[in-house]
Amino acid sequence: MTENLYNDEYFMKEAIKEANKAFEQDEVPVGAIVVSDFKIIGRGYNMVEKLKDVTAHAEIIAITSAANYLGSKYLQNCTLYVTIEPCIMCAGAILWSQIEQIVFGAHDEKFGYSKHKKLLPAKLNVKAGILEKECAQLMKDFFKNKR
């Protein structure tokens with residue numbers, strides 16, 4: 001029954017809420033959540049400027065939050081939802097955390113991990129393009145205001 005209530009779009013909308021928090025704080029608007037058994041166990045948004053930390057990406061913060069929730073460094077049987085394709089650094093964190101699936105909204109042609117797909121194990125399930133237009137629009141709006 002729970003499975004019918006929640007789907008990839010539902011969880012991506014939650015990641016977009018996180019991205020909007022970043023946007024409101026003048027951070028690059030990327031949001032991420034970690035889901036286990038249809039429950040959000042970790043949330044994060046870019047906090048690079050706020051924390052003055054280049055590693056404070058949404059995915060890293062969400063992974064850390066989920067690991068703290070589970071009391072484990074491994075996030076097996078978990079899905080990471082992120083508004084933009086993860087970068088190489090975040091792909092490394094995804095690899096080490098043993099996340100089972102990544103679902104992302106928009107591709108990142110410049111910094112996305114997909115140019116280096118061998119970084120992630122072949123068994124990792126990846127879904128792309130979930131609410132892609134909404135995710136991409138956040139980035140366009142943010143950078144339009146910067147230029």
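Where is Lys-110 found? Lys-110 sits in the loop between β4 and β5. Helices (H or I, at least four residues) and strands (E, at least two) are DSSP runs, numbered from the N terminus. The model is predicted: local features need pLDDT of at least 70, side-chain atom pairs count only at pLDDT 80 or more, and totals for chains, interfaces and linings use all residues. Residues are numbered from 1 along each chain as its sequence is written, and side-chain values use heavy atoms, with hydrogens and water left out.

Lys-110 is exposed, at a relative accessible area of 64%. Here buried means under 20% relative accessible area, exposed over 50%, and partly exposed in between (1.4 Å probe, protein chains only). The C-alpha atoms of Lys-110 and Lys-146 are separated by 18 Å. Along the chain, these two residues are 36 residues apart.

Helix α2 covers residues 8-24 and has 17 residues. From first C-alpha to last, α2 reaches 24 Å. This is close to the 24 Å expected at 1.5 Å a residue, where the expected span is 1.5 Å times one less than the number of residues. Asn-7 caps the N-terminal end of α2. A side-chain oxygen of Asn-7 lies 3.0 Å from the backbone nitrogen of Glu-9. Just after α2, Asp-26 takes a positive phi of about 60 degrees.

Which residues of α2 are buried? They are Asp-8, Phe-11, Met-12, Glu-14, Ala-15, Ile-16, Glu-18, Ala-19 and Ala-22. An α-helix has 3.6 residues a turn, so residues three or four places apart point the same way. The cover over the buried residues of α2 includes strands β1 (31-36), β2 (39-45), β3 (78-84), β4 (101-106) and β5 (125-128). Helix α6 (132-146) is also part of that cover.

Asp-8 lies in α2 and counts as buried because its relative accessibility is 17%. The side chains of Asp-8 and Tyr-81 are joined by a polar contact of 2.7 Å. A polar contact is a pair of N or O atoms within 3.5 Å; within protein, one must be able to donate a hydrogen and the other to accept it, and residues adjacent in sequence count only if both atoms are side-chain atoms. Beyond its neighbours within four places in sequence, Asp-8 is in contact (heavy atoms within 4.5 Å) with Tyr-81, Val-103, Lys-127 and Ile-130.

Glu-14 is also found in α2. Its relative accessible area is 8%, so Glu-14 is buried. The side chain of Glu-14 makes a polar contact of 2.9 Å with the side chain of Lys-17. Leaving aside neighbours within four places in sequence, Glu-14 is in contact with Ile-33, Ile-40 and Arg-43.

Two packed helices are described by the angle between their axes and the distance between the axes. The axes of α2 and α6 come within 10 Å and cross at roughly 5 degrees. That makes α2 roughly parallel to α6. Axes are lines fitted to C-alpha atoms, for helices over the stretch in contact, and angles run from 0 to 180 degrees between N-to-C directions. Angles under 35 degrees count as roughly parallel, over 145 as roughly antiparallel, 65 to 115 as roughly perpendicular and the rest as oblique. On the α2 side, the contact is made by Met-12, Ile-16, Ala-19, Asn-20 and Phe-23. On the α6 side, Glu-134, Cys-135, Leu-138, Asp-141, Phe-142 and Asn-145 take part. The residues of this contact divide into 7 nonpolar, 2 polar and 2 charged. Ala, Val, Leu, Ile, Met, Phe, Trp, Tyr, Cys and Pro count as nonpolar, Asp, Glu, Lys and Arg as charged, and the others, Gly among them, as polar.

Strand β2 holds Ile-41. Ile-41 is buried, with a relative accessible area of 5%.

Asn-77 lies in the loop between α4 (58-70) and β3. Asn-77 is exposed at 58% and has a positive phi of about 65 degrees although it is not a glycine. Gln-98 is found in the loop between α5 (88-97) and β4. Gln-98 is partly exposed at 33%, and its phi is positive, near 65 degrees. Gly-129, in the loop between β5 and α6, counts as partly exposed at 30%. Gly-129 touches Phe-104 and Gly-105, not counting residues up to four places away in sequence.
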